[in-house]
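Please open the structure in your viewer and keep the selection panel at hand.

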Amino acid sequence: MNKNPPKLESSDCPLSGVCMIEAAAGTGKTYNIQNLFLRFVIERALPVQSILVMTFTEAATAELKDRIRRILHDADAFLENPEAIPDEERSRLERIVGRVRKTVPEPEIRKRLRDALLDFDAAMIATIHGFCQRMLSEYAFESGVLFNTEIKTDQDSLVRAVLTDFVRTEFYPEDPDGLRSELRKSIRFTAESAFPLVRGIIARSDLHLKTILPEKYSLDGYHARIAESIGKLRALYRPGVLTKLCAALNKEYAPEVREEMGKVLGNWTRTGMLYGVLEVLLACSPEKISRYANKKKKENVMLLAEELRNPFFQEAGNLESRLALYKTALPLTAAEFVKRKLEEQKARENFQTFDDLLTRVRDSVLRPDSRLAPAIRKKFAVAVIDEFQDTDPVQYETFHALFAEREEPALFLVGDPRQAIYAFRGGDIATYRRAVRECEAAGGVPYQLTDNYRSSAPMIEAVNEIFRKHPFPFADPEIEYPEVFAPILEDGQKRRGLLENGVEISRPLKFSFLESDAPLSVSALRERALRTCAADILRLLQSPQIQRPDGDSVRPLRPNDFAVLVFNGYEGEMMKAELSRLRIPSVIPRTGNVFDSVAAAELERVLPAVAAPSDGRAAADAMQSILLGYSTEDLIRIHADTSAPLPLDGVQEKLSLLSNQWRHGSFIEMFHEMLLVFRVRERLLRLPDGERILTDLLHLRELLHKESSANSLSVTGLLHYLAKQRCPDTRSEQSEEMETLLETDRAAVTILTIHKSKGLEFPVVMLPALYSMNMEKHAENYHREDGVIERDLTGDPRSTALAQAERLQELLRLAYVAFTRAKYACYVYWGDCKTKNTALDWLFSLRHLNELPSMDGIRSAFGTVTGTPLAAIPPSQRIPETAADGVYVPSRESIPLLPFRGWSGRPDSDWRFTSYSGMTPQGHSQELPYDFDAEDEEGEPESAEGIFEIPGGRNTGNAWHELLEAVDFHNLENPDLRSTAQKKLESFGLPKDDPTLDLTCGMVRNLLSAPLHPPRETVPFTLSSVSRENRLSELEFCYRFKAPFRTSSVRNILREHLEQTFGESGGNGEWDLHFSGGYLTGFIDLLFRHNGKIYLADWKSNKLKGRLSHFQPEGLKREMMKHFYPLQYMIYSVAVFKYLRLRNGSFTKEDYERLFGGVFYFFLRGISPEAPGRGIFFDRPPYELVLELEKILG
């Protein structure tokens, strides 16, 4: 590897070839990717659609998109007026744009930029998985993937489900002798325990497993051999064989223990039942018994060895060996089972996982006859891969083949090998090393970035000191630490650090080494370190002498200036508890499922009591939840108080009121009332983690309300849904809306894992647990000399040493990520720990190494340590262990007051967000999202029969609209029609039984079977012929008014058409509303396609005074003009024209003649197939008229 690659100058480096850009933490990867993208556009004249930029997370993708769009916009603005651009940005653009100006005319540069901005949404700036999904979808024929393949993001839940099936198959079939049950107990094999290994095998198809198994093996075969050994042992066992052993055994095989073992075996030989026997038989193996021999009496040891030659003990040894083979084969067989079943499920249900996306693309690209590779190369001229250190062989092979092995290579790989910390997700640092070697061998150009723009100059120097003072800081011969520099900023100074009494702190990296009389366990040291860390945060918050830069001024530290980085959630919760004890606000950003939260568990206790308030047990259980807040002592007192006027302190009465509100109102109404009645908010906020619980509770409220409303769930139905979501095995696939939310946006200490902190920066970083992970924990995979990744299941010591060495390397990279998150200061907590093979031990206790040991010798290097690591820490960087002094009380000065912005304007009452109803001559003051049927509430006819018995008004209109949206037009006799109608009527407070139900269903059937014969159709048709694929229900539109207008201008445009169609023009001289601007919105009830033509339809439940004669054409025209419905369908026609223009790219007069069928208004109460045309109004507004109206309305 090139030990000293040149610094990247992204403003003028070559834009082709294969480039490896090694970017140290904080050195501006995104800044340089911006520069490259801008140059691709203006220098190479590449359209944005041909530039591929990829990174590894959705958040990073969103940031990249925003930053790249911004530099394109700024470059365009720079060409317009350079002085409008901030100084720092202007100097960058002068370098890039000024260079291109020499060879490209400025108008052409501007055209390239504006084309890029116009087409930016088509740019492929995506995650790796997003790119693969898009390519497989766009090039389905070339890749051989089925259309409409679903992507399932949660592969782990799929693996767990199939693994659970395997456990059932293997251990829970018919088991007459109890052998399978005994095997399960002995091996302790469960779906959860086997998941990490099985998931690892499935995720890494290139993972080689080193085992004691032969090349061909069978789980059933091992099972049969175990049964065979057990049968032989039963035949060989003789009473007393254990008790007659010589007494040269330790307490594990004391005489009374052996006697008890003999009783178990004697009972087994009589009954044949194995329950509890396998453990005893395994304890009879010669190897185990010899392990507990008393070595002090040599003659007894020799006698014991002779006794253990007994065939019974020898066969017990065979059983142990066979069980070891079975135990090894079990997870491997499980992995094969899961692979096979998942592939069957994927083929059956047509879905893929993220891993499948990568593998499918790689396999399609690498095929000799690949059609996908040429298609992708033709589409993309260049690729930039960010965070490349987290790559794996599948990803690297794909992108190397696509962009490096082409006639004109153009591949930029950006990453930092020191930040490769995602091995548990499949990230492979060996692949990064391979890429570097292959890049150099092929003549690729390596670059590096070493100017840190994130941290203060003192902090940069402190991190340099840690890693530069160790000859092998990453225990890796191919990863070195380059010296990182603090650049000179625009003001001519380096970035300032923390101040103490106005003077910059020169050594902002502090160590608190907790000493003790004897080495501490990890848990004991962690407890002290977390407490000391919390005390130091309090001390820094309370100290007015410690200040941080804040723009051009300085200010004291606040809680949100601190981040505590830990290894796992357990440490995070412990840290949060310590901070809570000192009343320091803190937050743990979470990404778990809210249905797994404490709030969900408590809500699951309370809601059944609301559903069944008369159930005393349910009420008592709900009372003990943290939502209602009664303790066990409270319940005992309440039960003992016979003088109380109401049982259970009146809780059941309150629950009963809530239950009625839920059943006759809605879930959300009941929920809000519950919060008030039981003072839930106040109670929760008094708890140490109450803010977290309250946030989750309110989040659950929204999710349950949404589910209840969307599916019209009953009380029982919603309880069933909650129970289903609470169980990981039955819940629906987690969506983004189910992820837990941040519980506070106020100033709070952030607590998160080092893995999650990558890519972030914090003013002050606290590291209280870097010692808690050592090279032995989670040491699993390692790379052989031939580059193959391997996991050893044999227990070979050399393999263990190799795995531990790679684990140490990853821990050192984690430590680097942790140190480099700090902007101004970092505090590290450590101590005299029993475990002395951690990343900190390597960095501070092994600086004396003259050469790096081989991988299998790294572990032994810790044996050369002498003395204490304190010798490597200068006294000026050490701080004593402190105890907290008081609790945190925020100072008023630390809470910024936001000034009110002044406004000298005045509200414009003519600027409106309106719908059709707000524009009618009646000038409705009530703006509604739906424009139907409120007018029927004016009154009922004196006598009503049939369909007219159903009351008029908004509720009926709403119910019928939702019903018509839900029903299948194709199937008139569908039995689901009645049940759907019942739900819709009930949800809007209408009678759900006959005659209302029967009349409603009859109305639907009449509507769907009524013949429709618009003038341009040669043959009548019915709505029942319209499939769901040819329907768009409740199509929402919202468009902006182009310019101010008056409704009198609308009246003038419509007058002639209205007089021809209705015999009157509608409106009057008073219809002259002014609109200075705003938006026009609405919902089109139905857009449907028949015989290639698009029709607009609107449902009306108007009663027309309950007379069928009023539903004839002349009566309908009067009703249409009475409510000025022509304006409504004209507005809707404008919206449809816009929609068709958007879909087709244009909508000309020829398109209108060919595509637009016209407008139907269905007055639902009057329609009958026996009376064709009754209740049905039709019009086809002229193309030119709609265009004239569009010029005014938007």
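The stops below say what to select and what is found there.

**Before selecting**

This is a predicted model, in which local features need pLDDT of at least 70 and side-chain atom pairs count only at pLDDT 80 or more, while totals for chains, interfaces and linings use all residues. Residues are numbered from 1 along each chain as its sequence is written, and side-chain values use heavy atoms, with hydrogens and water left out.

**Stop 1: the whole chain**

A cartoon display presents 42 helices and 29 strands; helices (H or I, at least four residues) and strands (E, at least two) are DSSP runs numbered from the N terminus.

Next, colour by accessibility. Of the 1194 residues, 52% are buried; buried means under 20% relative accessible area, exposed over 50%, and partly exposed in between, with a 1.4 Å probe and protein chains only. The accessible surface is about 55800 Å², and carbon and sulfur atoms contribute 50% of this area. Accessible areas come from the Shrake-Rupley method with a 1.4 Å probe, and for residues only the protein chains shown count as cover.

Contact means heavy atoms within 4.5 Å.

Then select the charged side chains. There are 153 positive and 173 negative ones, with the centres of the two sets 3 Å apart. Lys and Arg count as positive and Asp and Glu as negative, whereas His and the chain ends are not counted. Each charge is placed at NZ of Lys, CZ of Arg, CG of Asp or CD of Glu.

**Stop 2**

Select residues 87–101, which form helix H3. The end C-alpha atoms of H3 are 20 Å apart, in agreement with the 21 Å that its 15 residues should span at 1.5 Å a residue. The expected span is 1.5 Å times one less than the number of residues. Centre on Glu-94 to find a kink of about 25° in H3; the bend at a residue is the angle between axes fitted to the seven residues ending there and the seven starting there.

Which helices do the buried residues of H3 pack against? They pack against helix H1 (29–42), helix H2 (58–80) and helix H4 (106–118). The buried residues of H3 include Leu-93, Ile-96, Val-97 and Val-100, together with the charged Glu-89, Arg-90 and Arg-92.

Move to residues 797–819, helix H32, whose 23 residues reach 33 Å from first to last C-alpha, close to the expected 33 Å. Because 20 of these 23 residues are buried, H32 is largely enclosed by the rest of the structure.

**Stop 3: Phe-511**

Select Phe-511 in strand S12 (residues 509–514). With 3% relative accessibility, Phe-511 counts as buried. Beyond its neighbours within four places in sequence, Phe-511 is in contact with Ile-466, Val-828, Phe-844, Ile-873, Gln-877, Arg-878 and Ile-879.

**Stop 4: two buried loop residues**

Asp-451 is in the loop between strand S9 (445–449) and helix H20 (457–468), and its relative accessibility of 14% counts as buried. Leaving out residues up to four places away in sequence, Asp-451 touches Lys-7, Gly-26, Thr-27, Phe-485 and Pro-487.

Continue to His-470, in the loop between H20 and strand S10 (499–500). His-470 is buried at 3% relative accessible area and, under that sequence exclusion of up to four places, touches Trp-842, Leu-843, Leu-846 and Arg-847.

**Stop 5: backbone geometry**

Most residues other than glycine have a negative phi, and most peptide bonds are trans. Select Arg-583, a non-glycine residue with a positive phi of about 60°, in the loop between helix H22 (569–581) and strand S16 (586–587). Arg-583 is exposed, at 60% relative accessible area.

Asn-1091 also has a positive phi, of about 55°, and lies in the loop between strands S26 (1077–1090) and S27 (1093–1100). Its relative accessible area of 59% makes Asn-1091 exposed.

Finish at the peptide bond from Asp-994 to Pro-995, which is cis with omega near 5°. Pro-995 is placed in the loop between helix H36 (976–987) and helix H37 (996–1009).
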